[in-house]
Amino acid sequence: MSLSIKDHEIDIVIGALRPDLTSFMSEWRPIFSRFHLIIVKDPDLKEELKIPEGFNLDVYKKPDIDCVVGTSTSTIFSGYSCRYFGYLVSRKKYIISVDDDCYPAKDNKGILVDAVAQHITNLTTPATPFFFNTLYDPFTEGADFVRGYPFSLRSGVQCALSCGLWLNLADYDAPTQALKPEERNSRYVDAVLTVPARSLMPISGINIAFNREVIGPALLPSLRLGGEGKFRWETMEDIWSGMCVKVACDHLGLGVKTGMPYVWRNDRGDAIASLRKEWEGVKLMEEVVPFFQSVRLPREATTTEDCVAEVANVVKEQLGSKDPIFARAAKAMVDWVMLWKSVGSSTSSPGA
Amino acid sequence: MAEPATATQAAAPAVALLKDELDIVIPTIRNLDFLEMWRPFFQPYHLIIVQDGDPSKTIKVPEGFDYELYNRNDINRILGPKSSCISFKDSACRCFGYMVSKKKYIFTIDDDCFVAKDPSGKAINALEQHIKNLLSPSTPFFFNTLYDPFREGADFVRGYPFSLREGVPTAASHGLWLNIPDYDAPTQLVKPLERNTRYVDAVLTIPKGTLFPMCGMNLAFNRELIGPAMYFGLMGDGQPIGRYDDMWAGWCTKVICDHLGLGVKTGLPYIFHSKASNPFVNLRKEYKGIYWQEEIIPFFQQAVLPKDCTTVPKCYIELAKQVKEKLSKVDPYFDKLADAMVTWIEAWDELNPIGPVPNGKAA
């Protein structure tokens, strides 16, 4: 953990889609206990949450959400999107967010991975999006920029988002997991790297961290599948949000890293059962990817909120007529910016 | 602490993949003792040895290898006046080997690179991994967060469009190095003791539109797909710059691959790089390059090839034109280099004619 980062600058946001968080919290205790936690209960979840003692946390349930945003708006936080409420109400600089079916992983040497420390390291060391370093993150100990890396690009840019990975149950879509039901990810890749500028990727919401002050508003609930369900195989909300984040980061000159830390993702759900529901998402990605690849934000968009509003505009114009889901997503993005401005704390300008 | 594998630990594969379709190109100035360690992995393959430096010296090749060897006299004889494009007293001369090869694939390796060990202690068959990389598709249009989806135990992640899952042909496979990392001279001077001990178990496609520093120490490519772009420039004797040969080839190659929809992979395999070259000597060679790359990189990042450049030689000639137009003002060296790039293509075409020879007989 970087000595310059204080524990009080960090919030850990957990979206609770299952009521019993006892084993989840116990397993994470050695790593989470020093931090403030925000637990947001899926408004659709009927049972009471079970949370062990000894944590510094705030829990938000449906009545709390209704109170802050109103009963009609609170529906946007259903399912996995409940975590966005936590991002909205947090006042901290850094947020780390992990799904409630993920546990601490062990690295190749059998040592427990401190996912929080790794995410914070990723966020507090520069990213290098303009030129690829073949030895991966040059700011890691034991590594550096390689021969041929221009010196003018070696100071890097601020890292806004850190995307972690998953051992055991990888974040595959339903068709892929259904085809290979026994496949589990056992490969621990000891690397962090910056995703190059203008390269898009599927940003999974399962294990991420970000600088809320710099990029907060761009992590947003907006694309909701008609059949969205309570398994990641039945969602695309994070993938859509991730596209917005990457486009905004590329435009604002911020970096996105991917790689470590790993979390251990427990087996849950049935890929074949989810196949039916996710088909819609798989189809939509065929439109979504070329669309985001073509988005160019105007020079006047200088803040993250500007970027989100601009993207919403273009979504409405170019995708709105193709499928009502996009028109709804565009409106949700516009509403989110307004919500962020009224409820969320203001963002500083990028690069601060 | 990284250590090379010992010869006894290296186990030859049951089947030598592509044994009649791949040449191993090795530039050397000293000796080829290092081949002894690679024997289990390299012996089935044909070697092309390009001898740099004094042609009167005899390079001893270990017994049992099938090889052809070219020294400066051979290069001059074969290319005539066009031999001016091949560097002298620099490992850049290796690209002559690419030109004379008749095979589909090339693997090139430096003579101070040995067999590395993976974290389990097993000797790494670098050639086999390169072949796997080249024979499976690349995915340059969308980044897969679990790295190469074609590797065993991996796949495309949720959100990856199905229409992009076929990938594109892989033109080049860029391997890495344990022990002595490929740092430039200033970094070597600041960190003389740094050793790369991190084994990153990944292969990944470098996204379209992104440039990278291509190191020629441990590199493989599909000669049929991208060979003419692998010109290693004018370096060494009589030239103002050194240690930028592979960099130059890498930037040209990546721009052309991006234009033609071909992929470049980086990551595994690792080799064990044993020799740290003298950083003061390196500094003298790289000095100009360190300044020039600040102009060169934006040039390549902004280079656009016209739609009618549909083959690698056409792309390369066009790039040479743009180098002359835009980089000559940086230094007259680039003017010479642009000319050499054209000479290279002419020489390549001469040695690699397509279709029947002009007098009507089949090639």
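A residue is called buried when its relative accessible area is under 20%, exposed when the value is over 50%, and partly exposed in between, with a 1.4 Å probe and the protein chains only. The model is predicted, so local features need pLDDT of at least 70 and side-chain atom pairs count only at pLDDT 80 or more, whereas totals for chains, interfaces and linings use all residues. Residues are numbered from 1 along each chain as its sequence is written, chains are lettered from A and ligands numbered from 1 in the order in which they are written, and side-chain values use heavy atoms, with hydrogens and water left out.

**Exercise 1. An aromatic pair in chain B**

Classify the ring pair formed by B:Trp38 and B:Phe42, and state whether each residue is buried or exposed.

Solution.
Step 1. Rings of Phe, Tyr and Trp (its six-membered ring) pair if their centres lie within 6.5 Å; planes under 30 degrees apart count as stacked, over 60 as edge-to-face and the rest as tilted.
Step 2. Over all chains, the structure has 39 aromatic pairs. In the pair B:Trp38 and B:Phe42, the ring centres are 4.7 Å apart and the planes meet at 10 degrees, so the pair is stacked.
Step 3. Both residues belong to helix α1 (residues 35–42) of chain B, where they are four residues apart, about one turn of the helix. Helices (H or I, at least four residues) and strands (E, at least two) are DSSP runs, numbered from the N terminus. An α-helix has 3.6 residues a turn, so residues three or four places apart point the same way.
Step 4. B:Trp38 is buried at 0% relative accessibility, and B:Phe42 is buried with a relative accessible area of 0%.

**Exercise 2. The buried face of a helix in chain A**

Determine which residues of helix α1 of chain A are buried and how they are arranged around the axis of α1(A).

Solution.
Step 1. In helix α1 (residues 22–32) of chain A, the buried residues are A:Phe24, A:Met25, A:Trp28, A:Ile31 and A:Phe32.
Step 2. Viewed down the axis of α1(A), these buried residues fall within an arc of 100 degrees, so they line one face of the helix. The arc is that of the directions from the helix axis to the C-beta atoms.

**Exercise 3. Backbone geometry**

Locate the cis peptide bonds at A:Pro261 and B:Pro269, then describe B:Leu18 and B:Lys89.

Solution.
Step 1. The bond from A:Met260 to A:Pro261 is cis, with omega near 10 degrees; A:Pro261 lies in strand β9 (residues 255–265) of chain A.
Step 2. In chain B, a cis peptide bond joins B:Leu268 and B:Pro269, with omega about 10 degrees. B:Pro269 lies in strand β9 (residues 263–273) of chain B.
Step 3. B:Leu18 is not a glycine, yet its phi is positive, at about 55 degrees. B:Leu18 sits in the segment before β1 (22–28) of chain B and is buried, with a relative accessible area of 16%.
Step 4. B:Lys89, also a residue other than glycine, has a positive phi near 60 degrees. B:Lys89 is in the loop between α2 (72–79) and α3 (95–100) of chain B and is partly exposed, with a relative accessible area of 49%.

**Exercise 4. Annotated positions**

Find where the "glycosylation site" annotations at A:Arg147 and B:Arg158 lie, and decide whether each residue is buried or exposed.

Solution.
Step 1. UniProt places the feature at A:Arg147 (unreviewed entry) and also covers B:Arg158 with it (unreviewed entry). UniProt positions are given in the numbering used here, feature names are shortened, and annotations may be inferred rather than shown by experiment.
Step 2. A:Arg147 is in the loop between α4 (115–124) and β6 (159–168) of chain A, and B:Arg158 is in the loop between α4 (126–135) and β6 (170–179) of chain B.
Step 3. A:Arg147 is buried, with a relative accessible area of 5%, and B:Arg158 is buried, with a relative accessible area of 1%.

**Exercise 5. The largest cavity**

Describe the volume and the lining of the largest cavity.

Solution.
Step 1. On a 1 Å grid over the protein atoms alone, a cavity is a set of points where a 1.4 Å probe fits but cannot get out; lining residues have an atom within 4 Å of a point.
Step 2. The structure holds eight cavities of 30 Å³ or more, and the largest cavity has about 100 Å³ of space. Grid points are joined across faces, edges and corners, and a volume is the space filled by probe spheres set on the points.
Step 3. Of the 14 residues lining the largest cavity, A:Leu135, A:Tyr136, A:Asp190, B:Arg198 and B:Val200 lie nearest its centre.

Terms used: 1 Å grid on protein atoms, 1.4 Å probe; cavity = no way out; pocket = protein on both sides within 12 Å on 5 of 7 lines; lining within 4 Å.
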